[in-house]
Amino acid sequence: MERFHITKAFLGLDTVILASAQYTTQDGTVLTPETLFPALRNLIESQAPLGLQTMGDEATANVSWVRLPSVDLSRVVEFSGERELADAYESQLARPIKTQTALPLWRVEVLADNTLIFANHHAICDGESLLSFHMLLLRALQETSTSTSVDASPVVMVPDTTLLIPPVEQLVDVRPSFLRTVQELYEHFAPASWRPARFAWSGHPTPFKPPPQINTHIRFLTLPSAESSQLLAACRAHGATITSVLYVLAINVLSRLLQCDPLMRYKHIATITAISLRGAANLPREAIIDYPSSRTTYPRLDPIFSWADAARESRELASMKTSTAKTVGMLRWLFGQYVPFMQEKLGTRREAGFTMSNIGRFETPDVKGRWSVGRTVFAQSDVIVGHALTFSLTGDPSGALNFSFGWTDSSVDTPFVEQFIEGLREAILEII
Ligand SMILES: *[C@@H]1O[C@H](CO)[C@@H](O)[C@H](O)[C@H]1NC(C)=O
Ligand SMILES: *[C@@H]1O[C@H](CO)[C@@H](O)[C@H](O)[C@H]1NC(C)=O
């Protein structure tokens, strides 16, 4: 998984994943080097992924982790004073994280309103782990704000005692079954006309070469806590989950838009749902890991919502909590040929029309202190060869749900996305 993500970024096909949260105190304390650096120092001293770089030959994916001697926070943390969250997200998503340097594989931007964006290379941290970082940071801020001897100097020596959590294949059984292998090989090698993807919408084809810069557009949508809890109650009453209902609604809304296609080209929608393997590995919520997996499906166009569909979707997702590890296991059949594998995705059909990733809710750590966290938001790119559109969500401590939508000009047209977002907003409110 780590080599997969390193190769994808190396080829210019993806940039960073990121999540933000607003940090506040009663007395309006501002995040500055004096308040923030001692907490980040704690994190670097306890979390191995924050003191890493990769070295080696990325063109053959023959890379390894190297522990940095030190991290210079003045080069990793930017107090930008930016006021617009969407602008900050778009500019973060346009800037990859450089490998083979003396800097670590993550960075932080602090906005004017004390919102802190954590952006990182996917190889050290998956979507859920972005929230882990914010949980750890809140804990560290509470601890350092009451301590009398804190060190706010920017250079942090990386201890050589921290341990990396092993890669996913060491903690989860990722070996695909024979049937699974045959199935995947079939989907890969069968003539295009036999494959389920043939009539599936997946946005525009991928470009023939990586763009000089990935410009991901970002829009946000919020469901305030009162509406979110009504939605959650309705989901529970029907044996569905927030993820399954939103997934079905997204298909309904896209179906309505795609049925307007004058050429009637589409019968299905290619979709991906992200599934974390954290649970399958029994790792704690605060562990920083790169353990994603996913489920790909090609549902038929269906403009009408039904709770039965949402309940079935929820059962299917639950039954795949560990079995999607086998998708990750398929990477072994690449025999290390990650670069040609990724390059093959250029100038062809995109993997999915949309990817839905729900990284769950920010869980406030059980440690008292003056800081609190709100307004968590999460976004990703992967719009060059991955999906045409990302639909990412997270719950904030107030219970509100924050959605982000990401796409690029070559993946899907902006007016289409705007209609989709508006349609989704109406569909959610209709259910509530
Ligand atoms: C990978 O890199 C290591 C160390 O840089 C080297 O010893 C090894 O021979 C390389 N393996 C391949 C297959 O090139
Ligand atoms: C996220 O949710 C919070 C709480 O409702 C809201 O105040 C905030 O504006 C939302 N953020 C975004 C980017 O929509």
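Modeller: I begin at ligand 2, where an oxygen atom is 2.6 Å from an N or O atom in the side chain of threonine 222. This is a polar contact, that is, a pair of N or O atoms within 3.5 Å. An oxygen atom of ligand 2 also lies 2.8 Å from an N or O atom in the side chain of asparagine 402, and for the side chain of arginine 375 the corresponding value is 3.1 Å. Of the 360 Å² of accessible area that ligand 2 has on its own, the protein covers 73%; such areas come from the Shrake-Rupley method with a 1.4 Å probe.

The model is predicted: local features need pLDDT of at least 70 and side-chain atom pairs count only at pLDDT 80 or more, while totals for chains, interfaces and linings use all residues. Side-chain values use heavy atoms, without hydrogens or water, residues are numbered from 1 along each chain as its sequence is written, and chains are lettered from A and ligands numbered from 1 in the order in which they are written.

The residues around ligand 2 (those with a heavy atom within 4 Å of it) are Leu85, Phe220, Thr222, Arg375, Val377, Asp396, Ala400 and Asn402. Strand 10 and strand 15 (372–380) each supply at least two residues of this shell. Helices (H or I, at least four residues) and strands (E, at least two) are DSSP runs, numbered from the N terminus.

Strand 10 (217–223) leads on to helix 7, for it is among the elements that cover the buried residues of that helix. Helix 8 (242–258), helix 9 (307–319), strand 17 (401–407) and helix 12 (414–431) are also included in this cover, where contact means heavy atoms within 4.5 Å. The buried residues of helix 7 are Ser228, Leu231, Ala234 and Cys235. Seen down the helix axis, these residues fall within an arc of 125°, so they line one face of helix 7; the arc is that of the directions from the axis to the C-beta atoms. The face turned away from the buried side carries the exposed residues Arg236 and Ala237. Buried means under 20% relative accessible area, exposed over 50%, and partly exposed in between, with a 1.4 Å probe and protein chains only.

The length of helix 7 can be checked as well. At 1.5 Å a residue, its 13 residues (225–237) should span 18 Å, which agrees with end C-alpha atoms that are 18 Å apart. The expected span is 1.5 Å times one less than the number of residues. Helix 7 is followed by glycine 239, whose phi is positive, near 65°.

Notes: Polar contact = N/O pair within 3.5 Å; in protein donor to acceptor, adjacent residues only side chain to side chain.
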